[in-house]
Amino acid sequence: MTSRLTTVILSRDMDTLLRFCLIHLGVAAAAAGLPVHDVVIVDNASIRHLPAALDGAPPYRRLRLDAHTGFSAACNRGATQAPADFYLFLNNDVLLARDALSAMIAAMAADPGLGICGSRLMFPDGTIQHAGVLMAGPPGGPYHVGRRQPPRAVSVSRTDFQAVTGACALVRRETFEALGGFDETFTFGYEDVDLCLRARQAGWRVRCVQAPESLHFESMTPGRQALGAPTLGQFFQRWLGRYTIDG
């Protein structure tokens with residue numbers, strides 16, 4: 001049976017944080033009234049293998065990778081484990097708000113041309129972590145609008161963007177399959193922006209739901225920032241001059 005939704009979470013150690021992520025996901029899935037919901041945890045070469053279950057968390061499937069694998073390849077492999085109408089790619093350091101998943105699914109249902117839908121994410125201190133991605137040229141490149149600003153810094157009426165973060169992104173199956181998933185030549189960083197730009201190039205829209213607000217601790221996996229640094233040059237090589245510079 002095909003799941004209506006499959007959530008794919010890439011995780012490396014940090015089981016306690018993953019447990020809370022899963023508990024919040026379970027609450028959000030229940031609020032969305034999902035009849036069938038699969039959760040695939042891609043254990044990306046954790047030192048201690050992910051256990052079969054985490055106390056209090058909803059059930060999940062495990063995909064163990066014994067060699068450390070890039071984000072794109074790991075997420076693509078996770079999606080193949082449970083084909084679905086929609087794929088939610090979720091970081092293990094995101095705690096979804098109760099109605100966040102409902103809002104993203106409702107946006108997809110209301111707009112068949114919407115291929116990718118993200119969500120507003122907040123830092124623990126109450127400032128914005130993500131409310132959509134804006135595009136700049138070198139040296140900075142893509143950046144999160146309103147980052148480290150109070151919630152009012154980005155209007156809740158602004159929804160369409162060129163890209164959203166892959167930390168919490170709902171992707172329509174037709175979109176994901178037509179694009180061949182994440183580009184695996186991007187290892188850690190900018191693969192989410194690349195996916196969004198390719199989706200827009202193919203005629204799909206990209207949106208960020210601005211309410212409710214979920215919590216994102218950001219880059220909790222050890223070494224995450226260093227892993228992503230080299231791919232900015234790769235991103236510019238492919239996309240510079242092919243996207244709109246946001247004002």
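Trainee: How many aromatic pairs are there?
Mentor: Nine aromatic pairs, by the ring-centre rule. Keep in mind that this is a predicted model.

Trainee: Take Phe 89 and Phe 176. How far apart are the ring centres, and at what angle are the planes?
Mentor: The centres are 5.3 Å apart and the planes sit at 35°.

Trainee: Why is that pair tilted?
Mentor: Planes under 30 degrees apart would be stacked, and over 60 would be edge-to-face. The planes of Phe 89 and Phe 176 are at 35°, so the pair is tilted.

Trainee: Where in the chain are Phe 89 and Phe 176?
Mentor: Phe 89 is in strand β4, residues 84–91. Phe 176 is in helix α4, residues 173–179.

Trainee: Are Phe 89 and Phe 176 buried or exposed?
Mentor: Both Phe 89 and Phe 176 are buried.

Trainee: Which residues make up the cluster?
Mentor: Phe 71, Tyr 87, Phe 89, Phe 176 and Phe 182, linked by ring pairs.

Trainee: New topic. Which rings have an Arg over the face?
Mentor: Phe 20 has Arg 19 over its face, 5.2 Å from the ring centre. Trp 239 has Arg 242 over its face, at 4.4 Å.

Trainee: And Ser 72, where is that found?
Mentor: In helix α2, residues 71–80. Ser 72 has a relative accessible area of 0%, so it is buried.

Trainee: What lies 3.1 Å from a polar atom of the Ser 72 side chain?
Mentor: The backbone oxygen of Asp 183.

Trainee: Which residues is Ser 72 in contact with, leaving aside neighbours within four places in sequence?
Mentor: Among them are Phe 182, Asp 183, Phe 186 and Glu 191. Phe 182 also belongs to the ring cluster.

Key:
Residues are numbered from 1 along each chain as its sequence is written. This is a predicted model: local features need pLDDT of at least 70, side-chain atom pairs count only at pLDDT 80 or more; totals for chains, interfaces and linings use all residues. Side-chain values use heavy atoms; hydrogens and water are left out. Rings of Phe, Tyr and Trp (its six-membered ring) pair if their centres lie within 6.5 Å; planes under 30 degrees apart count as stacked, over 60 as edge-to-face and the rest as tilted. Helices (H or I, at least four residues) and strands (E, at least two) are DSSP runs, numbered from the N terminus. Buried means under 20% relative accessible area, exposed over 50%, partly exposed in between (1.4 Å probe, protein chains only). A charge sits over a ring if NZ of Lys or CZ of Arg is within 6 Å of the ring centre and within 35 degrees of the ring normal. A polar contact is a pair of N or O atoms within 3.5 Å; within protein, one must be able to donate a hydrogen and the other to accept it, and residues adjacent in sequence count only if both atoms are side-chain atoms. Contact means heavy atoms within 4.5 Å.
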